[in-house]
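Open your viewer and get your selection tool ready. We will walk through a few stops together, one selection at a time.

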Amino acid sequence: MAYGSVHSDAGPTTIEVPMTRFSLPQQSHLRRLIAAGAGALLLLLGTGLTMPGSAAAAVPGTTELAYYDVTSPTTTTGALAANLTRTGYDVLEGPLTNGVPILAAEADAQRLRRGGLTVRYAGPLYQPVPASFVAAADTYYGGYHTAAGHEVHNQAVATAHPDLAVLRSIGQSWLKSQSSSAGHNIQALCITKIATGDCALNSSGTKPKFTLMAQMHARELATGELAYKWIDYLVNNYGTNTAVTTLMNTTELWVIPIANPDGVDIVSSNSTRPVSQRKNAHTNGCSGTGLGVDLNRNSSYHWDVNQGTKCSETYPGASAASEPETQGIQSLLSQIYKDTKPAADFSAATTATKGTFLTLHSYAELNIYPYGWTNSLAPNNTDLKTIATAMGKSNGYAVVHGDGGLNYFAPGATDDWIYGTLGVPGYTIEVGPSSSGCSGFFPAYSCMSSFWNLNLPAFLSLANAAARPYPTGS
Ligand SMILES: [Zn+2]
């Protein structure tokens, strides 16, 4: 999920907001909110909002994180979302039809209610893990694969199918960049019926390319698992399924199953109650899940320093492409795709463009096409939207661009970067659903089959669009 969460945090003028009356759970994002800047406190005045974590009175009940929908009798939903974001709440992406969705502790819900807001409990963060589940060394939370589990899988696929898959290390995680004995290499599989010149780290190959990337936001569990299933689907169906065979004979299918392995290590460190870590593991002085940089705000295209302060969920990093994960991903994509677009934002990519790109997030039920940094139409808008509309026909999710009616933009995101920089059509699927028992960051593992059935046709339509994504050039 690419939600906005901007609050003032530790800085030269920081003052401490006391949190004396209750303690927060170890995994709570609210731990990072204990330091609130004076600016944020000034913003509170007149909004009727209080800072999460600024306990004024003892609040009975749990401090566990859960989903809530917030409405105000006096403020529009959009303005309320902006206010909640500014004051440090985890405002989640999604339709505002039921109010502003947030991830918060019951104590904070109570505090908002005392401020005159209506706060409706929308569901738990965690689903029960079946008692029969025994976590294997490489799985957690009912069957999701750890970062190490994905690495074992990637290697096993490459070893078992040398004619169909090449495994590459494309860069390092932040922890790895600090110490060779820590962290991970970022891995990418190139899957195709390998012919001479295929899967090379250059753009001179003859096959068009489709890249699927997942779990850049570590806590979006369903996304990495969909990448895992996509890899298996391709190699297991080659030679038996005509459509898959044709696709693999004509197209390079690149997969980056875990774009943020350090973050996934944090998430999977509790096998029954995953940690709500979104960002990478870059030390920034913030506690709990305030740790890290939002890799989906860190690209070198329209990087925006104002996306969030250090402990914010949307902290874009110290500079554009500051993170080794971003550097590795951008480096791979820059090598394998031809650049067919002039640098100017509103100059179109040519009709000779080949290739498509997809990054998976969860759980707002959206097909997002460029641009995400502005509501102005991208120069290839007609063709970009046609592909997104085809995706929407298969998975049923809304087709959006710009702020998507969600009250925020996402400058520095990967999908904008690959389109704005290289001209390759870049898409985000926010894997849903946004409500019902399979919603949330941590759906039960049994939900995976429905996610897969819904989104496989969208993956295939994007892969097949790689040969000629811009037929009209407009
Ligand atoms: Zn996300």
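This is a predicted model: local features need pLDDT of at least 70, side-chain atom pairs count only at pLDDT 80 or more; totals for chains, interfaces and linings use all residues.

**Stop 1: the four-stranded sheet.** Select β4, β5, β3 and β6: in that order they make an open sheet with antiparallel pairing. At its edges you will find β4 (90-91) and β6 (118-124), each pairing on one side only. Now highlight residues 65-71 and 100-105, which are β3 and β5; six bridges join these antiparallel strands.

**Stop 2: the eight-stranded sheet.** Move on to the open sheet ordered β9-β10-β12-β11-β13-β16-β14-β15, where the pairing is mixed. Its edges are β9 (165-172) and β15 (398-400); each has a single partner strand, so one side of each lacks a neighbour in the sheet. On average, neighbouring strands here are turned by 20° against each other, direction ignored.

**Stop 3: around β16.** Select residues 366-368, strand β14, which three bridges join to β16 in antiparallel fashion. Ile368 has Thr428 in β16 as its bridge partner. Bring in helix α11 (residues 414-422), which touches β11, β13, β14 and β16 and makes about 165° with the direction of β16.

**Last stop: Glu430.** Is Glu430 buried or exposed? Glu430 sits in β16 (residues 426-431), and it counts as buried because it has 25 C-beta neighbours inside 10 Å. An unreviewed UniProt entry places the feature "active site" at Glu430.

Key: Residues are numbered from 1 along each chain as its sequence is written. Two strands pair if DSSP finds at least two bridges between them. Helices (H or I, at least four residues) and strands (E, at least two) are DSSP runs, numbered from the N terminus. UniProt positions are given in the numbering used here, feature names are shortened, and annotations may be inferred rather than shown by experiment. A residue is buried if 20 or more other C-beta atoms lie within 10 Å of its own, exposed if 12 or fewer, and partly exposed in between; C-beta atoms are placed from the backbone. Axes are lines fitted to C-alpha atoms, for helices over the stretch in contact, and angles run from 0 to 180 degrees between N-to-C directions. Two residues are in contact if their C-beta atoms, placed from the backbone, lie within 7 Å.
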